[in-house]
Structure formats: C-alpha cells, structure tokens
Amino acid sequence: MDPVEINAGAWYLRAPRADDRIDDRPAVVASFADPEIRRWRRRPSPGVEEADAYIRRRAQDWVRDERYAWSVCDPATGEMLGEVELAELDLAMGVAVATSWALPAARGRGMITTVLSAVLRFGFGGLGLHRVGCAWADGNAASARVAEKCGFTVEGRIRSSWVDGCGERYDVIIAGRLATDR
Ligand SMILES: CC(C)(COP(=O)(O)OP(=O)(O)OC[C@H]1O[C@@H](n2cnc3c(N)ncnc32)[C@H](O)[C@@H]1OP(=O)(O)O)[C@@H](O)C(=O)NCCC(=O)NCCS
C-alpha cells in the first residue's frame, strides 16, 4: 500500500522520510541514543547510516504490507517527535502489533495515547483488522498506562523474556485489542 497520512488532532502522522525536503534522520538517531528507548526497545548504534537503513526498511515495509510506520510530527514544523507502527502486519489474518516511541521532549503530553488511538481507528476501520496486540516489559509503566488508555486488555505474561541494557531481566506483558471490543 502507498503510505497513508493521518491527522491526529495536535499531531500529524506520515511515513518516515529522508529526502531533500524532509529529513527524519536526526530524530531517528536521537531515538537510537535515548537511554529510555534503548532500555525498552532493541535499537542499533546511533549513526546516520543506521537511521538511513531504518527509514528505508520502513518504506519497503509499506510497499510489502508488512509494517505501516508513521513519524509523529509537529504539524507546524513537520519535525519528527516520535514514531508509531502497526508491525507484524498480516492483512489476510487481520492482525498487527502496535509499537511506539516518543523523544524525551515530547513525552508526557498525551501524544502517543492520541496518535496510537488514531492509528487503531485506521487499523480497525480503514484496514479491517480484527486484532491489534502490544507488549511491554513489566516495569515500563508509561507503556502500560498508554496501553490501558488505548483500550488494550492484558492477556498474559511471558516470564523473564526481556533483558534491558543494564542486564536486568523482566517479564513481558502481552495485551490485545479486538475490533469487537467495546
Ligand atoms: C511509552 C512512551 C511511548 C509513551 O509516550 P508519551 O507520549 O509520553 O505517552 P502519553 O503522554 O500519551 O502517556 C503516558 C502515560 O504514562 C504515564 N507515565 C509516564 N511515565 C510513568 C511512570 N514512570 N510511571 C507511571 N506512569 C507513567 C503518564 O503519566 C501518562 O499517563 P496519564 O495520562 O494517565 O498521566 C514513551 O514514554 C517512550 O517513548 N518511552 C520509551 C520507549 C518505549 O518504552 N516504547 C514502548 C516500548 S513497549
């Protein structure tokens, strides 16, 4: 599918870009370097080549319908503030997994709750998905709260399956939201 843009109120969602008009690479490099994102997500080392590859992979995944990734942008400046994805997409099966991150300066303003809610509306209403899952390490309180506010139901716990950057091991909580959930 060609990338779809979503207007999510105070934020604007578009496919990640690195071209002569819009360059998300500095924001992506900043996300690779952020300790909190590195703690809870697998990230490459922070470099421009790695950011280039990251953005190119997401462009390919849109074409292959394998992952729909959006840069979360300030509508006035176009600056990338975070990312939200429908990953592990299987349109035939009607399933995907939601993931997200926000740069430190953009956190705690309701951004990811708002844009993930908009992406879920697109996923269920526009794509006809039946289930969107999500998962977080037990200890990632912000992710747990976002999932709760976005209507996910906790479904289980995978014991000792995440090791953070300091070598500490965590259970992973899995949750899901169905098109038929109220
Ligand atoms: C998780 C993350 C994407 C949330 O983005 P955000 O835009 O700040 O989220 P929101 O502002 O929409 O909501 C955050 C909620 O978590 C709460 N929260 C944040 N830090 C918290 C903490 N340490 N303990 C408890 N609650 C916390 C906020 O108070 C808010 O809830 P509220 O609206 O009830 O007050 C962001 O913190 C992030 O990028 N973290 C690092 C990467 C990551 O963990 N990604 C997800 C991996 S599963």
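Analyst: The account below begins with the basis of the description and the ligand shell, and then turns to the sheet, a helix pair and the overall dimensions.

The model is predicted, so local features need pLDDT of at least 70 and side-chain atom pairs count only at pLDDT 80 or more, while totals for chains, interfaces and linings use all residues. Residue numbers start from 1 along each chain as its sequence is written.

The ligand is surrounded by 21 residues, a residue being near a molecule if its C-beta atom, placed from the backbone, lies within 6 Å of it. The closest are Arg-107, Ile-112, Thr-113, Ala-141 and Ala-142. Two or more residues each come from helix H2 (35-40), strand E5 (95-102), helix H4 (111-126) and helix H5 (141-149). Helices (H or I, at least four residues) and strands (E, at least two) are DSSP runs, numbered from the N terminus. H5 gives the most to the shell, with 5 residues. By class, the shell has 10 nonpolar, 6 polar and 5 charged residues. Here Ala, Val, Leu, Ile, Met, Phe, Trp, Tyr, Cys and Pro count as nonpolar, Asp, Glu, Lys and Arg as charged, and the others, Gly among them, as polar.

Strand E5 also belongs to an open sheet of 8 strands with mixed pairing, in the order E1-E2-E3-E4-E5-E6-E8-E7; strands pair if DSSP finds at least two bridges between them. Strand E1 (6-8) and strand E7 (153-163) stand at the edges with a single partner strand each, so one side of each lacks a neighbour in the sheet. From one strand to the next, the twist averages 25°. E5 runs parallel to strand E6 (residues 131-137), to which 3 bridges join it, and Ala-96 stands opposite Val-132 in E6. H5 packs on this sheet, touching E6 and strand E8 (169-178), and its direction makes about 160° with that of E6. Contact requires C-beta atoms, placed from the backbone, within 7 Å. Axes are lines fitted to C-alpha atoms, for helices over the stretch in contact, with angles from 0 to 180 degrees between N-to-C directions.

Turning to a helix pair, the axes of helix H1 (residues 25-33) and helix H3 (residues 48-64) come within 9 Å and cross at roughly 110°. H1 is therefore roughly perpendicular to H3, a class that covers 65 to 115 degrees. The residues of this contact divide into 7 nonpolar, no polar and 3 charged.

Overall, the chain has 5 helices and 8 strands. Its C-alpha atoms fill a box of roughly 45 × 40 × 30 Å, taken along the principal axes.

Note on methods. Parallel < 35°, antiparallel > 145°, perpendicular 65-115°, else oblique. Contact = placed C-beta atoms within 7 Å.
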